[in-house]
Amino acid sequence: MQTSEIPAGVINKINQICKRFIWSGSNENRRMSLIGWDKVCQPKIYGGLGLKNLGMMNKALMMKLAWGLVYEPMSLWCRVLYTKYGVADSDFPLGLPTRSGSYLWKSIGKVWSDTLKGLRWNIGNGRRVRFWLDCWVTKHKPLSSYALAPIPVESLMNLVVDFVDTNGNWHWDSFEHLLPNCIILRIAAVQPPMEGKGDDKFFWANSQWGDFSVKSAYMAITENETGIEHSQWNIAWKWKGLPRVQTFIWLALHDRLKTKAEIGRRHIHIDWTCDHCGVASETTLHVLRDRFMARMLWNQLLPIAIWRLWFWRNQYQFNKVSTDSLRMAQDVLIRAKEITSSNKSGLNGPTRKVEKWIGWQPPVWPLCKLNSDGACRRNGGSFAGGILRNSNGDWVSGFAMNIGYCSITVAELWGVYQGLVMAWDHGIRWFLVEVDSQCIVQMLNNLEEMTNEYSSLVSSIKELIHRN
Ligand SMILES: [Zn+2]
């Protein structure tokens, strides 16, 4: 891997074995790859597993050899290669004659241009670096790539030293109009070439201190393929616990759990509907957040977690007791357990529900029954309605009215009032009134005289009730 390019077929084969191991646990079984191999090979902070892309790694290792040829051309192995293939070692070859030669030589030739891309120049006397065509101001890009207008052909090959005036300052007039201001400011920050400073020297642009490393080369050639750095991946990798859980969270964050929706998305014929509710598609969010079971869990755990966070805040505030995440998690679990068991044993108040069937019951003869109700729309319109039925359950009369703009309580009171007026008009004197608002019942049963927004309707209703 370090001395020659590995054939693509071999790399694919190795990748395949790795893939099977990751997704199936062995080379024999075949299971669905849930996340693409390119993604898996990205660093963890970009959402991958931090595995190395073998092809790229091979390339980075080959670049190390190429860098050696560029950086130490006088070392023995370089001189042997240069002499064998007829390259003058004092030169700085922009391309290697690799049409013929050993496999090693050809392998180096393939990464040569990528290696040269990582070069950046430090200006000494300015007699080696081309002003427009070499990288000396910014990383990876020569000044020609920033030009705002065509560069005069006669100056294209000029050296950096050609752009300095007789006083040793930058000769701004010769290039200022051709470059954007941000680049001009960068050039201003570079010391102009001086005779006494020695030769221009190059360094490896991809590391902070200018020295070549395989790691920095790998990062440089995979830079464009990585995604966006995002702290969400820390949820998986910074969590201290079972690796199995970490991997699960990683999959969930990628939205690649084997839900029905995910399986369906892979063109496998399947009904996407959630078995539990039978309504929604079974997506990751549905299973982990929206499904009834998930909501139950979050509703149970979240208030306890918030409550304990406040407790631990106070512990620190008043007793200077601090804690770690593991202990807090244990604490929340213990409280959750306590609360669950106390709920079960009924210590936490009356939690047992008694189911009761309710429905309309006919009144006893000769009574009639008035059922009334009021309602408000969100935009403010309010309505009331009511029906009057006899002891056989037969319809006697009914009404529906548009009240205008009022509160729900007023609408309910209007329902009762209008129902009573209707009953009176029908000559019915013996009846029961049923409403679904306890507050209305309390107001009407209250004997004390009160003054509020309901007073006039309440007194009108009471007047009707007691009318002979
Ligand atoms: Zn569901």
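**Group meeting: a predicted chain and its helix contacts**

Lys 320 is exposed, having 7 other C-beta atoms within 10 Å. Lys 320 is found in the loop between helix H12 (292-319) and H13. Its phi is positive, about 55 degrees, although Lys 320 is not a glycine.

Before I continue, please note that this is a predicted model, in which local features need pLDDT of at least 70, side-chain atom pairs count only at pLDDT 80 or more, and totals for chains, interfaces and linings use all residues. Residues are numbered from 1 along each chain as its sequence is written.

Is His 267 buried or exposed? His 267 counts as exposed because it has 7 C-beta neighbours inside 10 Å. Its place is the loop between helix H10 (260-265) and helix H11 (284-290). As background, most residues other than glycine have a negative phi, and most peptide bonds are trans. Pro 366 belongs to the loop between helix H13 (325-345) and strand S3 (368-376).

I turn now to the chain as a whole. It has 16 helices and six strands; these are DSSP runs numbered from the N terminus, helices being H or I with at least four residues and strands E with at least two. The radius of gyration is 41 Å, whereas a compact globule of 468 residues would have one near 23 Å. That radius is taken over C-alpha atoms, and the globule rule is 2.2 Å times the number of residues to the power 0.38. Along the principal axes, the C-alpha atoms fill a box of roughly 125 × 65 × 60 Å. Of the 468 residues, 18% count as buried.

Next come two helix pairs. Two packed helices are described by the angle between their axes and the distance between the axes. Axes are lines fitted to C-alpha atoms, for helices over the stretch in contact, and angles run from 0 to 180 degrees between N-to-C directions.

Helix H14 (residues 408-425) packs with helix H16 (residues 455-465) at an angle of about 25 degrees, the axes being 10 Å apart. H14 is therefore roughly parallel to H16. Angles under 35 degrees count as roughly parallel, over 145 as roughly antiparallel, 65 to 115 as roughly perpendicular and the rest as oblique. The residues of this contact comprise 13 nonpolar, one polar and no charged. Nonpolar means Ala, Val, Leu, Ile, Met, Phe, Trp, Tyr, Cys and Pro; charged means Asp, Glu, Lys and Arg; the others, Gly among them, are polar.

How do H3 and H7 compare in direction? The axes of helix H3 (residues 54-71) and helix H7 (residues 214-222) come within 9 Å and cross at roughly 125 degrees, so H3 and H7 are oblique to each other. By class, the contact of H3 with H7 has nine nonpolar, one polar and two charged residues.

Notes: A residue is buried if 20 or more other C-beta atoms lie within 10 Å of its own, exposed if 12 or fewer, and partly exposed in between; C-beta atoms are placed from the backbone.
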